[in-house]
Amino acid sequence: MARITASVYTSHVPAIGAALDHGKSNEPYWKPVFQGYDFSKQWLRDNRPDVIFLVYNDHATAFSLDMIPTFAIGTAASFAPADEGFGRRPVPVVQGHPELAAHIAQSVIQQDFDLTIVNKMEVDHGLTVPLSLMCGQQDPVTGAWPCPVIPFAVNVVQYPVPSGRRCFMLGQAIAKAVASFDEDLKVQIWGTGGMSHQLQGPRAGLINKAFDNAFLDKLIADPAAAAAIPHIDYVREAGSEGIELVMWLIARGAMADITGGKPPNVRHRFYHVPASNTAVGHLILENS
């Protein structure tokens with residue numbers, strides 16, 4: 001059967017992609033950010049999955065404000081990088097895994113989670129920046145990402161957005177779906193977005209190191225407590241865009257300890273301020 005071997009958590013700051021694309025990763029401002037992923041790139045080479053299930057949020061590219069699904073799973077064979085107003089990122093097309101994606105959709109919907117099935121869409125920096133951070137910059141023509149990726153988009157842009165508890169429960173449903181897929185696949189689940197940041201209003205530029213690190217502590221040792229954080233606390237403590245952290249709870253809910261397994265092994269933890277006007281957080285957890 002397929003199995004989830006690890007979960008990865010990372011910010012998906014668009015300026016990180018721009019820094020990579022324009023060769024700025026060794027500049028003094030950006031170097032500390034990218035050094036925080038040196039271990040992660042080697043870890044991914046040593047622990048290459050067969051499929052990555054990548055949880056992210058679309059930034060009004062695949063979905064406009066006219067129609068925003070709460071949860072959407074990409075079931076296509078491939079997903080091209082989107083033009084977000086400055087041209088497409090020079091990265092490879094993302095190859096999907098339609099068979100596993102369709103199976104997860106079937107299983108999760110039968111577990112009473114309504115998903116939107118997306119058979120055609122482009123993917124923005126929310127998905128491609130985490131891939132660049134973890135895999136290194138790939139040539140858009142001759143290169144390729146190391147394995148197929150299933151995009152899973154979550155609405156954290158337009159209220160109402162899903163609760164942390166519902167995202168945590170959804171992760172458990174996804175883990176059950178993966179475990180019932182009749183093929184020997186190693187699957188990693190990635191939760192992206194965050195950490196604390198606000199992009200507009202009087203608190204634009206807000207970063208809360210204490211909240212961010214407390215969230216990482218909870219995510220590791222007490223994920224149920226992290227899942228119980230109410231929306232108002234995200235907004236108050238982590239800024240209006242800090243709500244993106246609920247997507248990390250989907251990945252955490254899919255880990256084995258949530259359903260009686262052993263606690264995960266913490267392979268890497270990284271936190272840095274600032275990257276653009278946000279805090280960057282990163283964590284790798286392996287199932288025992």
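**Exercise 1.** Which helix gives the most residues to the lining of the second largest pocket?

*Solution.* Before starting, keep in mind that this is a predicted model.

- Step 1: look at the space itself, where the second largest pocket holds about 220 Å³.
- Step 2: list the contributors. The elements that supply two or more residues to this lining are strand 1 (3-10) and helix 6 (164-179).
- Step 3: Helix 6 gives the most, with four residues.
- Step 4: The lining has 14 residues, and Ala175, Ala179, Ala254, Ala256 and Thr259 lie nearest the centre of the pocket.
- Step 5: The lining of the second largest pocket divides into eight nonpolar, four polar and two charged residues.

**Exercise 2.** Now turn to the largest pocket and describe its space and its lining.

- Step 1: the largest pocket contains about 700 Å³ of space.
- Step 2: its lining is made of 33 residues, and the closest to the centre are Pro14, Ala15, His59, Glu84 and His125.
- Step 3: among the elements, helix 1 gives the most to this lining, with five residues.

**Exercise 3.** Work out how helix 1 and helix 5 are oriented to each other, and find the residues that make their contact.

- Step 1: the axes of helix 1 (residues 14-21) and helix 5 (residues 125-135) come within 9 Å and cross at roughly 55°.
- Step 2: with that angle, helix 1 and helix 5 are therefore oblique to each other.
- Step 3: their crossing is left-handed.
- Step 4: helix 1 brings Pro14, Ile16, Gly17 and Leu20 to the contact, while helix 5 brings His125, Val129, Ser132 and Leu133.
- Step 5: the residues of this contact come out as five nonpolar, three polar and no charged.

Pro14 and His125 link two of these exercises: both belong to the helix contact, and both are among the residues closest to the centre of the largest pocket.

**Exercise 4.** How many cavities of 30 Å³ or more does the model have, and what lines the largest cavity?

*Solution.* This one is quick.

- Step 1: the count comes to one cavity of 30 Å³ or more.
- Step 2: about 100 Å³ of space lies in the largest cavity.
- Step 3: its lining includes Asp58, Phe63, Leu65, Ile68, Pro69 and Asn155.
- Step 4: the lining of the largest cavity divides into nine nonpolar, two polar and one charged.

Key:
Residues numbered from 1 in each chain as written. Predicted model: local features only at pLDDT ≥ 70, side-chain atom pairs only at ≥ 80, totals over all residues. Heavy atoms only, no water. 1 Å grid on protein atoms, 1.4 Å probe; cavity = no way out; pocket = protein on both sides within 12 Å on 5 of 7 lines; lining within 4 Å. Points joined across faces, edges and corners; volume = space filled by probe spheres on them. Nonpolar A, V, L, I, M, F, W, Y, C, P; charged D, E, K, R; others polar. Axes fitted to C-alpha atoms, helices over the stretch in contact; angles between N-to-C directions. Parallel < 35°, antiparallel > 145°, perpendicular 65-115°, else oblique. Left-handed = near helix turned anticlockwise from the far one by under 90°. Contact = heavy atoms within 4.5 Å.
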